[in-house]
Amino acid sequence: DHLGGERRVVRRLYLCSEMTGFHDWEHLRTVLRVSSQTFEHGTLTKNENRYFLCSLGPDRLSPEQWLKLVRQYWMVENGPHWTLDVAVQEDAHPWIESEPQGALVLALLRRVAYNMLSLFRAVTLRAEDNRATPWTRLLERFKLTLYAALDSDLVELRVRIPGPAAARCSQPAAG
């Protein structure tokens, strides 16, 4: 892969299927090692190995597909997971520790917020400089919007149900 300019990465894939069932991991079929060498101006600057465990057999994917699978894993890890860990500080603030269903609901709400912010960044902030807006700034804008929203701003967002329930759903709750 060319990383831009004079930077490139060479990846080598090694597959091992001899560890099936290692440590009672019944689903383990393949151990992958991805060896990465980063070169800048033709000089080796980084050499690292990463290991992955997989329940797929080594013959299920081509070498190119295995490497793509690893890259997609890191796209998720460095994208939404990094944002939730760093910008939202999800790991530092579990909020609900004693109620599993509450923790699940909170995790889902955080994902909804993340997706809303991602759409905002991708669709509303079309200019390249705007899309580079840090997540913390997006979260601040989101929070200010929630604080500043008046009932009249939200009236069009309410669900309209035909029939007698319509009056209940289109009016703000008392209190």
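Proline 80 counts as partly exposed because its relative accessibility is 25%; that label covers the range between buried (under 20% relative accessible area) and exposed (over 50%), with a 1.4 Å probe and protein chains only. You'll find proline 80 in helix H1 (residues 63-86). Leaving aside neighbours within four places in sequence, proline 80 touches Met75 and Tyr114, where a contact means heavy atoms within 4.5 Å. Serine 118 sits 38 residues from proline 80 in sequence, and the two C-alpha atoms are 9.2 Å apart.

A word on what you're looking at: this is a predicted model, so local features need pLDDT of at least 70 and side-chain atom pairs count only at pLDDT 80 or more, while totals for chains, interfaces and linings use all residues. Residues are numbered from 1 along each chain as its sequence is written, and side-chain values use heavy atoms, with hydrogens and water left out.

Now the overall layout. The protein chain has 6 helices and 4 strands, running β-β-β-β-α-α-α-α-α-α along the sequence. These are DSSP runs numbered from the N terminus, with helices (H or I) of at least four residues and strands (E) of at least two. Of the 175 residues, 18% are buried. If you take contacts between residues at least 6 apart in sequence, 36% join residues at least 24 apart.

How confident is the predictor? pLDDT, its confidence in each residue, goes from 0 to 100. The protein chain averages 76, and 72% of the residues score at least 70.

On to the side chains.

| Arginine | Ring | Distance from ring centre |
|---|---|---|
| Arginine 8 | Phenylalanine 39 | 4.8 Å |
| Arginine 33 | Tyrosine 14 | 4.0 Å |

What about the cysteines? The disulfide count is 0, taking a disulfide as a pair of cysteine sulfur atoms within 2.5 Å. Cysteine 16 is partly exposed, at 24% relative accessibility, whereas cysteine 54 is buried, with a relative accessible area of 17%.

Note on methods:
A charge sits over a ring if NZ of Lys or CZ of Arg is within 6 Å of the ring centre and within 35 degrees of the ring normal. pLDDT is the predictor's confidence in each residue, from 0 to 100.
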